[in-house]
Amino acid sequence: MKYIGLADALEQDIQAGIIAAGDQLPPQRSIAEALGVDLTTVTRAFNEAHRRGLIEAQIGRGTFVRDYSNERTSKARPAALDLSMNIPCQPEGVDFRQLMPKGVAAVLANGKGLLNLHYQDSAGAEPDRQAATRWLKQRIENADFDRIVVAAGAQSALFSVCELLLSRGDVIAAGEFTYPGLKAVAAQMRLVIDPIAMDGEGLLPEDFERSCRIRPPKLLYVIPNIDNPTAATMPEPRRAAIVEIARRYGVMIVEDDPYGPLLEAPSRTFTDLMPEATWHISTLSKCATPALRVAYVLVPKAAHAPQLASVTRAMMLMAPPLMSALASSWIMDGTLAEVTAAIRRETLTRQILASSLLSAFDRSANMFGHHLWLRLPSGQHADDLVDAAVRAGLLIVPSSAFAVGKCTTEAVRISLGVASDRSELEDGLNQLAGLVTQPALLARVIV
């Protein structure tokens, strides 16, 4: 077999001293092109070399010939490449190590800058709500200042909304695969999640109606754009059909939209389609950086804003004032738009790379999203792949982490943002493809 021959040749060159311990190997794609073989063959050869202990991956640097003289043990686990955390990539031309301290210094240097070190209104300081209004109106027709509450991130916003609207034992309708943060809120509050069947366009309206007929949920939770984890973006006719059902049965909607700002032409939001009963959550964590810990909640009516703020006050008193002010500054001076555009460009490049490397597999992705949803071949199990990936130095998330009730699909979510550069991402995706392509390798990856 070709890949065994390549691994044998590498081992012979190492033993002969042609390749020395610590030498960096070329990218797998370059090797494939130089040798005139397909990329899968090289990936399988790398996996075999890993199994033999000949090479190791070093995060942010590449693949190197193993140097045992610097190791305490020959069985050291490879450093992990995190393909599990769904954060924005580091785009070219944006250095947060400079951008954030410079922005904070500018905020504090303002005539009233030191006020951002004081306690704030639990609904958010007026300048921050004004900035939020400006930002949200780019995507939401009816975003009004008096209906906005500033929160310390989308997760705390979600918990606050549920705390305000729901009681123990209440039912939430959500996708059969949904954001783990919602599952955590439901477990903490003793809520029931009724799973709604999904297809490539998101929630199925007919199954949502089934849920409403049997036991009407108090609210529907939906990620309409670049769903986490399935990456589905719901078309407007589907949204309109779900709104019609929600109105008919008196169901409120929580629209969690962290990825909407990444889309170049998003559909109308649920809050525009059903403003009287939709609670919209938008965050800067996916279009800028999660370090800001700033999210905005657009409530259905102005009277709801102080009610939600009272929950925020009890939970955490207020959103972080300095980070909120920094977010507002970036919104008003255009920095946020520039950062988001840069992230969008880099994400598109990474998705194109992933599409090329994983073209043989059944997957779903949005080209401006930070993740993809990879469905495994028949007979493979996501948890087994995750375990094998960990042994190979890769972190991914199985479908069971997102499943509401019984997990009906063997799939994994692969996130593209943490990899420090495209070369590192390429190496990781090639290794992962090798594991999926050759199920026997799942039990053979070096520990």
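Guide: Contact means heavy atoms within 4.5 Å. This is a predicted model, in which local features need pLDDT of at least 70, side-chain atom pairs count only at pLDDT 80 or more, and totals for chains, interfaces and linings use all residues. Side-chain values use heavy atoms, without hydrogens and water, and residues are numbered from 1 along each chain as its sequence is written.

Visitor: Which residues is Arg350 in contact with, leaving aside neighbours within four places in sequence?

Guide: They are Cys89, Gln90, Leu416, Gly417, Ala419, Ser420, Asp421, Arg422 and Leu425. Arg350 belongs to helix α13 (residues 335–357); helices here are DSSP runs of H or I, at least four residues, numbered from the N terminus.

Visitor: Is Arg350 buried or exposed?

Guide: Buried means under 20% relative accessible area, and exposed over 50%, with partly exposed in between (1.4 Å probe, protein chains only). Arg350 has 2% relative accessibility, so it counts as buried. Its side chain reaches the backbone oxygen of Leu416 at 2.8 Å, and a polar atom of that side chain lies 2.9 Å from the backbone oxygen of Ala419.

Visitor: How do I read an aromatic pair?

Guide: Rings of Phe, Tyr and Trp (its six-membered ring) pair if their centres lie within 6.5 Å; planes under 30 degrees apart count as stacked, over 60 as edge-to-face and the rest as tilted. The count here comes to 4 aromatic pairs. Phe96 and Trp330 are a tilted pair, because their ring centres are 6.4 Å apart and their planes at 40 degrees. This pair links helix α4 (residues 96–109) with helix α12 (residues 321–333), its members being 234 residues apart.

Definitions and conventions. Helix = DSSP H or I, 4+ residues; strand = E, 2+ residues; numbered from the N terminus. Polar contact = N/O pair within 3.5 Å; in protein donor to acceptor, adjacent residues only side chain to side chain.
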